[in-house]
Amino acid sequence: MRRGPGTGGEILCEFLSACGAKIRGQGTGEIRVIPAPLHGCHFEIPGDRIAAGSYLAAAAATSGDVTVRGILPEHLGSSLLVFRKLDCLVDEGKDWVRLTRDGALRPVPELETEPYPGFPTDMQPLTLPLLAMAPGESRLRENLFENRLGLAGELNRMGAKIAVRGRLAVIHGVEFLTGCPVEAADLRGGAGLLVAALAARGTSRIAGRKYIGRGYEEPEKNLAALGAAIRIVE
């Protein structure tokens, strides 16, 4: 059986191995499964790396201080590197990551999405608002999916200066974003709008909450617990 590398596949292999499966080649482009009887086991599933990265992005956008627990920091390696390039302070332990920011965000001249363990395409819409608020020019290239820079248009409505050229976004950071009505068109784009709205001056109204709810459990309650002024409007 062939697969692409990625944390989901590796975790599945670890689980099946704990159940007695004989699997060879984990972490490579090809794995081999040898038939073997399976049995029950105790297995702890780590937290989702993109959900964790989303809350860290919210901290980065707002000069906050957030610790996410129950995750494997190595699964967020490339994302944490980008946060550090943005001049955020990142600390990590066995199953937690803490992010703080004190000072202006720093632009990232060249950033591109890649298959795991590279920078995740799902973190791209969460990073775009940060680059939009980083003084100077940043360039972000989406290599994995077409038409995944649509969030730029909504951010521009909030005052961002983002020019999209095919799969490349050229961002000129502004001092601040301004709250306004925006609309989420997909899951991660909606999360990116949440990040932008948390940092923007004024009030934002985000339509398309149904998309955000597909990937996050009660994000409004979690963000409110972190100090955000957020509520659901029916």
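User: Which residues lie nearest the centre of the largest pocket?

Analyst: Happy to start there: this is a predicted model, where local features need pLDDT of at least 70, side-chain atom pairs count only at pLDDT 80 or more, and totals for chains, interfaces and linings use all residues. Residues are numbered from 1 along each chain as its sequence is written, and side-chain values use heavy atoms, with hydrogens and water left out. A pocket here is an open set of points on a 1 Å grid over the protein atoms alone, where a 1.4 Å probe fits, with protein on both sides within 12 Å along at least five of seven lines; lining residues have an atom within 4 Å of a point. The largest pocket has 29 of them, and nearest its centre are L194, S204, A229, I230 and R231.

User: Which elements give two or more residues to the lining of the largest pocket?

Analyst: Elements are DSSP runs numbered from the N terminus, with helices (H or I) of at least four residues and strands (E) of at least two. Those that qualify are α2 (49–61), α6 (187–199), β11 (205–207), α7 (209–213) and α8 (219–225).

User: How many residues of α6 are buried?

Analyst: Buried means under 20% relative accessible area, with a 1.4 Å probe and protein chains only. Among the buried residues of α6 are L187, R188 and L194. The helix is largely enclosed by the rest of the structure, because the buried count is 11 of the 13 residues.

User: What caps the N-terminal end of α6?

Analyst: Look for a side-chain oxygen 3.4 Å from the backbone nitrogen of R188. A polar contact is a pair of N or O atoms within 3.5 Å; within protein, one must be able to donate a hydrogen and the other to accept it, and residues adjacent in sequence count only if both atoms are side-chain atoms. The capping residue is D186.

User: How many residues of helix α4 are buried?

Analyst: This helix covers residues 124–132 and is mostly covered. Q124, P125 and A132 are among its buried residues.

User: Which residue takes a positive phi in the hairpin of β8 and β9?

Analyst: Strand β8 (residues 162–165) and β9 are antiparallel partners over 4 bridges, and V164 stands opposite A169. With 2 residues between the strands, the one with a phi near 70° is G166.

How values were computed: Buried < 20%, exposed > 50% of the residue type's maximum accessible area, 1.4 Å probe, protein only. Pairing = 2+ DSSP bridges.
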